[in-house]
Amino acid sequence: MKRLILLLTVAFVATSTICSAQSKSVNQRQYDRAIELVTADRFTEFDALVDSMLVLYPTNSDMLILKAEKYRMDDNFDECMKYYQMAIDNVTKSNILCKAQLFLLRGNFLYEFSLFSEAVADYTEALNLAPKKPLALRCNILNKRGLCYEEMSEVHLAEADYLHVLKIADDISFICDAKWRLGMIYAFKQQYGKALQTLNELWEYDYVDYNIYYALMLVYANMGDMVSCIDNAIACARASCDYDYFGDITTLMSCDLDYALEALHRSIAEDVDNE
């Protein structure tokens, strides 16, 4: 999982605007080489290359980011934060886009450590810096900040961020993420009709994900509609290939176990027949 986080971040940085003034040169080739090494799991060589580049270019933001992400993978909080700050401090003044991306990345790191108020501060700074385009960056920041607000029980602020995404997003993935989170917020606020409407709108985008079934399962359970709850529990289990979801809901909720067991057995039999 940690390797995946590093690879995703490296991919994000690689496709972003290069932060440092020294690009398109030997430095750029070494940067590309560092990405090749980490992609190939050659971390010792990756470390050596990044360290050697930082000796030559100690203020190079691109290499500082890679160093920060390596410490992030190692769960070394203090060193990761130090290199993130160095990267932010050394971004060229004209490269506002890159600085916004760095605050987003550091906010993600803080979120992983459950430092939600600190993460919100970085996401807010990223949003203030981010230009109007690309919209994807602003939507990403808003969705991430919304998650932090939820963790902080600031549900009204999370709702505002997700609604903002729906106003500006032109990418289905951001729209669907925001709608799914909004559906869960409405369920939390016991606005079940609004929750069902929002969650069911996701089908219009061909967005098939077991999390939708799971959310619908919880909404129907709280509404007392146990037949619909069980039906969505089964759909969730089948979509995720994990029948523990079904077991959880039948254990936790006082539902019609006879119907539940019959439906579960029928669903498993259908899955076996289709293999």
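In helix α12, residues I212, Y213, A215, L216, M217, V219, Y220 and A221 are buried; buried means under 20% relative accessible area, exposed over 50% and partly exposed in between, with a 1.4 Å probe and protein chains only. Helices are DSSP runs of H or I with at least four residues, strands are E runs of at least two, and both are numbered from the N terminus. The model is predicted: local features need pLDDT of at least 70, side-chain atom pairs count only at pLDDT 80 or more, and totals for chains, interfaces and linings use all residues. Residues are numbered from 1 along each chain as its sequence is written, and side-chain values use heavy atoms, with hydrogens and water left out.

Helix α12 covers residues 210-223, 14 residues in total. Its first and last C-alpha atoms are 20 Å apart, close to the 20 Å expected at 1.5 Å a residue. The expected span is 1.5 Å times one less than the number of residues. G224 follows α12 and has a positive phi, near 85 degrees.

Helix α9 (residues 155-168) also has 14 residues. Its end C-alpha atoms lie 20 Å apart, which agrees with the 20 Å that it should span at 1.5 Å a residue. V155, A158, E159, D161, Y162, V165 and I168 are buried in α9. An α-helix has 3.6 residues a turn, so residues three or four places apart point the same way. The buried residues of α9 pack against α8 (135-151) and α10.

At the level of the whole protein chain, there are 15 helices and zero strands. Buried residues account for 45% of the 275 residues. Contact is defined as heavy atoms within 4.5 Å. Among contacts between residues at least 6 apart in sequence, 53% join residues at least 24 apart. The chain exposes about 13900 Å², of which carbon and sulfur atoms supply 53%. Accessible areas come from the Shrake-Rupley method with a 1.4 Å probe; for residues, only the protein chains shown count as cover.

The largest nonpolar core has 76 residues, and L102 and I141 touch the most other members. Such a core is a set of buried Ala, Val, Leu, Ile, Met, Phe, Trp, Tyr and Cys residues joined through side-chain atoms within 4.5 Å. Helix α10 (residues 172-188) gives the most to this core, with nine residues. Beyond its neighbours within four places in sequence, L102 is in contact with I65, A87, I88 and V91.

Seven aromatic pairs are found in the whole structure. Rings of Phe, Tyr and Trp (its six-membered ring) pair if their centres lie within 6.5 Å; planes under 30 degrees apart count as stacked, over 60 as edge-to-face and the rest as tilted. The F77 and F109 rings are stacked, with centres 5.4 Å apart and planes at 20 degrees. F77 lies in helix α5 (residues 77-89) and F109 in helix α6 (residues 96-112), so this pair ties together parts that are 32 residues apart in sequence. F77 is partly exposed, at 24% relative accessible area. F109 is buried, at 0%. W203 and Y213 form a tilted pair, 5.2 Å centre to centre with 45 degrees between the planes. W203 lies in the loop between α11 (192-200) and α12, and Y213 in helix α12, so the pair ties together parts ten residues apart in sequence. W203 is partly exposed, with a relative accessible area of 28%. F77, Y84, F109 and F113 form one aromatic cluster.

The structure holds zero disulfides, a disulfide being a pair of cysteine sulfur atoms within 2.5 Å. C229 is buried at 0% relative accessibility. C236 is buried, with a relative accessible area of 0%.
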